[in-house]
Amino acid sequence: VLRWLVYRRAARVVCPTTGIRDHLCARIPGRFAVLGYPVDLLPGNPPPMRARTTLIFSAGRLAPEKGHDVLIAAFAHVRAVHADWRLEIAGDGPLRPALAAQISSTGLREAVDLCGHLTNARERMGDAAIFVLASRAEAFPMVVCEAMAAGAAVIAADCPTGPREMITDGVDGLLVSPDDASALAGAILRLIGDPKLREALSAAAKVSAARFGAQAVMPRWSALVHTVTGGRT
């Protein structure tokens with residue numbers, strides 16, 4: 001009840017994606033606006049292709065919704081074909097023991113590294129040939145914006161509600177069905193086998209990522225504040 005009252009009285013309820021807006025509009029009365037979070041996109045200079053050929057990188061809390069178990073299962077298929085490729089997963093959380101056990105049981109201990117919290121995660125994104133987000137659900141995954149800006153070729157699960165509004169499939173990244181290790185493995189193998197596509201996605205992603213940066217987003221936030229306050233600050 002309190003949520004209904006607050007949302008109805010708010011001048012605007014800001015949602016990071018149209019998917020979230022549509023979900024709320026169908027359930028709660030209110031005036032909704034769509035504005036992404038302003039992401040601090042550090043300028044990056046991706047290393048040349050020869051230095052970015054064998055690393056797949058992912059980042060996120062080690063929790064069920066992030067789908068790291070799906071990524072590890074997919075990577076097992078990839079590793080069977082490309083034994084020189086490695087997977088790094090940055091982040092920590094309650095599923096770390098279960099994921100470590102999955103890695104061990106699938107014979108991937110030498111190929112998969114649960115890195116924990118990394119202070120240089122963006123640098124690792126720049127080193128990676130491929131960045132993967134295997135989430136079962138998201139809101140506005142800023143890590144996708146950061147990976148695109150870093151020049152990694154991005155594969156994301158087409159989960160509710162963020163990735164499909166960030167990535168144009170086949171143009172600046174690839175989208176796959178969520179919770180589908182086979183589809184994810186197929187997308188990774190496709191990029192490994194097609195370096196030209198990998199580099200094309202990487203180049204397009206860096207251009208696309210600019211629309212999520214603070215320089216692009218903050219003027220829209222300022223305009224919204226100006227609108228709802230009538231110019232009063």
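Modeller: A residue is called buried under 20% relative accessible area, exposed over 50%, and partly exposed in between, with a 1.4 Å probe and protein chains only. By that scale Arg 21 is partly exposed, at 27% relative accessibility. The model is predicted, so local features need pLDDT of at least 70 and side-chain atom pairs count only at pLDDT 80 or more, while totals for chains, interfaces and linings use all residues. Residues are numbered from 1 along each chain as its sequence is written, and side-chain values use heavy atoms, with hydrogens and water left out.

Arg 21 takes part in a salt bridge with Asp 22, at 3.0 Å from N to O. The term denotes a side-chain nitrogen of Lys or Arg within 4 Å of a carboxyl oxygen of Asp or Glu. Asp 22 is partly exposed, at 42% relative accessibility. The whole structure holds ten salt bridges.

Another of these joins Arg 124 and Glu 88, at 2.8 Å from N to O. This pair links distant parts of the chain, since Arg 124 lies in helix H5 (residues 121-127) and Glu 88 in strand S4 (residues 86-90), 36 residues apart. Helices (H or I, at least four residues) and strands (E, at least two) are DSSP runs, numbered from the N terminus. Glu 88 is buried, with a relative accessible area of 8%, whereas Arg 124 is partly exposed at 21%.

Asp 158 and Arg 164 form a further salt bridge, their closest N and O atoms being 3.0 Å apart. Asp 158 is partly exposed at 28% relative accessible area, and Arg 164 is partly exposed at 47%. Salt bridges with shared partners also connect Arg 86, Glu 88, Arg 124 and Asp 127 into one network.

As for the helix packing, the axes of H6 (residues 142-150) and H9 (residues 195-209) come within 7 Å and cross at roughly 125 degrees. Axes are lines fitted to C-alpha atoms, for helices over the stretch in contact, and angles run from 0 to 180 degrees between N-to-C directions. H6 and H9 are therefore oblique to each other. Angles under 35 degrees count as roughly parallel, over 145 as roughly antiparallel, 65 to 115 as roughly perpendicular and the rest as oblique. Cys 145, Met 148 and Ala 149 of H6 make the contact with Ala 205, Lys 206, Ser 208 and Ala 209 of H9, where contact means heavy atoms within 4.5 Å.
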